[in-house]
Amino acid sequence: MPQRHKTQVCIIGAGPSGLLLSQLLAKTGIHTIVLDRKDRAYIEGRVRAGVLEQGTVDALEQAGVAERLHAEGLTHDGFELAFDGVRHRIDLKALTGSAVVVYGQTEVTKDLFDARFADNQQFFFNIDDVVPTELKSDQPQVHFTQDGAQHVITCDYIAGCDGFRGVSRAAIPNDVLKTFERVYPFGWLGILVDQPPVSHELIYANHAHGFALASMRSETRSRYYIQCEATDCVSDWSDDRFWEEFATRLGPDAAANLQTGASFEKSIAPLRSFVAEPMRYGNLFLAGDAAHIVPPTGAKGLNLAVADIRLLSRALIEHYAGNDHYIDTYSETALNRVWKVERFSWQLSTLMHQFPENSPFERRMQRAEFDYITESEAASKAIAENYIGLPLE
Ligand code: FAS
Ligand code: PHB
């Protein structure tokens, strides 16, 4: 016989989406159970996003987990685009009146876990065979096993926060689910190194050899990326090879300040644009990477997940207060913003990377767009208002 549990909202996934949702719902007394196939240490150990929109900062403040973010996060009023070593600063503050905060997803996840454990959140980690069922009933269930024992959770709603390779999206029938995808013909090789960043702001560089991004985690820890072949392995890239390529792609002006050293994290991420519609089926809601993926060029993945959770937490809180407007419109409202953020991430990826299929004409189009952005305040403002984050709705 399975062990039986009951809750108001069963959250599948303890990444940023699931953790933030459980924190925001808990603050209004809504009970949740959070499931993850991994454990806290593994989840916290994943190195991912680094740039937070103001909307994300606002959500973390509302959740009561922004103290360390305000103490350690780095506010950035701008960033640079570079083309074959020519640099142009996008002045976020002057163009939009806003800024972004550099604070790693790893730290956001740690802050959320600390808050959830302090609140005695019920977690089930290291689980298998997760199956959401009865999605159209008013008592959906989530079945799973843990250490060989069977469990079943009965709830009012299921939040599918289980990322791109989770099970929630797959629970939506094929004749209902529509997906849209573009897989890019390259990946990003990323490293972490305990050296001061090459510049005090981020630099996105397009070079004939490929894309490079100079980012950071603090004033003493840098996060750097270069475009690599989709088929590359980390073992193909020694630190020496990485540093040579990275300096070349940044250009001599920016690279003059580069301090190299031994990387202590090195990984390759594939790049894709992906959207699943709808983001609700019965009493199952999708949020974050379970519903969409963006190439990291626009620094949107984590921020888009947080935007979903701001909409979904409001919808559930209002529902329990007797107002079903937001729960009924969640999928449409979320997708309206998702597609606009997909567009920006696709546009910046198309501008900043070397595509094997590009002819000399396309490469001249890339340079012409870069020149237009540097000469037109309107073009720079369009980039800036997307980068700081579009309005929630
Ligand atoms: P997550 O994938 O973070 O979390 C999903 C959770 O669900 C995981 O903990 C997983 O263990 C769990 N899960 C999966 N299947 C399950 C199952 N069957 N049962 C139970 N639990 C299950 N975004 C940026 O903005 N900038 C970046 O530079 C950037 N770099 C990235 C690099 C990589 C390699 C990846 C994969 C993503 C990157 N992203 C980046 C995007 C990333 O930050 C995501 O947007 C963010 O993690 C989304 O959070 P979640 O929706 O919570 O999904
Ligand atoms: C990062 O710091 O990891 C980062 C920053 C900006 C991006 C992507 C990744 O666009």
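A backbone N or O atom of Pro296 sits 2.7 Å from an oxygen atom of ligand 2. This is a predicted model, where local features need pLDDT of at least 70, side-chain atom pairs count only at pLDDT 80 or more, and totals for chains, interfaces and linings use all residues. Residues are numbered from 1 along each chain as its sequence is written.

**Exercise 1.** Describe the surroundings of ligand 2.

*Solution.* 
- Step 1: list polar contacts (pairs of N or O atoms within 3.5 Å). Besides Pro296, a side-chain N or O atom of Ser215 is 2.6 Å from an oxygen atom of ligand 2. A backbone N or O atom of Thr297 is 3.2 Å from an oxygen atom of ligand 2.
- Step 2: check the cover. Ligand 2 on its own has 280 Å² of accessible area (Shrake-Rupley method, 1.4 Å probe). The protein covers 97% of that area.
- Step 3: find the elements. β16 (210–216) and β17 (222–228) give two or more residues each to the shell; strands are DSSP runs of E, at least two residues, numbered from the N terminus.
- Step 4: sort the shell. It holds eight nonpolar, three polar and three charged residues.

**Exercise 2.** Characterise the second largest pocket.

*Solution.* 
- Step 1: take the volume. It is about 280 Å³, the space filled by probe spheres set on the grid points. A pocket is an open set of points on a 1 Å grid where a 1.4 Å probe fits, with protein on both sides within 12 Å along at least five of seven lines.
- Step 2: inspect the lining (residues with an atom within 4 Å of a point). It has 17 residues; Gly104, Thr106, Glu107, Arg217 and Arg221 lie nearest the centre.
- Step 3: sort the lining. Four residues are nonpolar, six polar and seven charged.

Methods: Chains lettered and ligands numbered in written order. Heavy atoms only, no water. Nonpolar A, V, L, I, M, F, W, Y, C, P; charged D, E, K, R; others polar. Polar contact = N/O pair within 3.5 Å; in protein donor to acceptor, adjacent residues only side chain to side chain. Helix = DSSP H or I, 4+ residues; strand = E, 2+ residues; numbered from the N terminus.
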